[in-house]
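Here is a brief report on one protein model.

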Amino acid sequence: MEALKETATSLRIETGKEISRKSLFGRILYEIENLIENFNKKEIINEVEKSLLWKGEKVVLIDEKIEGTLIGINSLGGIRILTDNGIKDFYSGDITVRRAR
């Protein structure tokens, strides 16, 4: 607790002004609403796809025992793998992807 006392601060200390919590909370909610309204899922997916490790390469999903070519991510954020049985989407947080040999 002592360490916190040395680093803790407040908006009043930092700005030198008294700030209404109600007003601050309202502004934060307003900004969150704007971000949600202007959220461009397609743009984010395109950015993620640009830096997707092993895209276009043979991969193995260890837990699922699936092998195929990593082709990207879908509109829900799942990875897409082209297998011998077609394109499959995977969402599990425990999937381990390894480059196929």
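## Hairpins

β3 and β4 form a hairpin with two residues between them. Strands here are DSSP runs of E, at least two residues long, and helices are runs of H or I, at least four residues long, both numbered from the N terminus. Five bridges join β3 to β4 (residues 86–90), and the two run antiparallel. Strands count as paired if DSSP finds at least two bridges between them. Across this pairing, Arg80 stands opposite Asp89 in β4.

β2 and β3 form a hairpin as well, with five residues between them. Gly77 sits in that turn and has a positive phi of about 90 degrees. Four bridges join β2 to β3, again antiparallel. Ile73 stands opposite Ile79 in β3.

## Basis of the model

The model is predicted: local features need pLDDT of at least 70, side-chain atom pairs count only at pLDDT 80 or more, and totals for chains, interfaces and linings use all residues. Residues are numbered from 1 along each chain as its sequence is written, and side-chain values use heavy atoms, with hydrogens and water left out.

pLDDT is the predictor's confidence in each residue, from 0 to 100. The protein has a mean pLDDT of 86, and 89% of its residues reach 70 or more. Confidence is highest in β4, at a mean of 95, and lowest in β5 (residues 97–99), at 67. Where pLDDT is low, the predicted coordinates should not be read in detail.

## Faces and core

In a regular strand the side chains alternate between the two faces of the sheet. β3 has a covered face made of Ile79, Ile81 and Thr83. Its uncovered face holds Arg80 and Leu82.

The largest nonpolar core has eight residues: Ile45, Val59, Leu61, Leu70, Ile73, Ile79, Ile81 and Phe90. Buried means under 20% relative accessible area, exposed over 50%, and partly exposed in between (1.4 Å probe, protein chains only). Leaving aside neighbours within four places in sequence, the contacts of Leu70 include Trp54, Val59, Ile79 and Ile81. A contact means heavy atoms within 4.5 Å.

A polar atom of its side chain lies 3.1 Å from the backbone nitrogen of Asn85. The backbone oxygen of Gly86 lies 2.8 Å from a polar atom of the Thr83 side chain. Not counting residues up to four places away in sequence, Thr83 touches Ile66, Glu67, Gly68 and Lys88.

Glu47 is found in helix α4 (residues 41–50). At 45% relative accessibility, Glu47 counts as partly exposed. Its side chain makes a polar contact with the side chain of Lys50, at 3.0 Å. A polar contact is a pair of N or O atoms within 3.5 Å; within protein, one must be able to donate a hydrogen and the other to accept it, and residues adjacent in sequence count only if both atoms are side-chain atoms.

## Whole chain

The protein has four helices and five strands. Along the sequence the pattern is α-α-α-α-β-β-β-β-β. Buried residues make up 17% of the 101 residues.

Terms used:
Core = buried A, V, L, I, M, F, W, Y, C linked by side-chain atoms within 4.5 Å.
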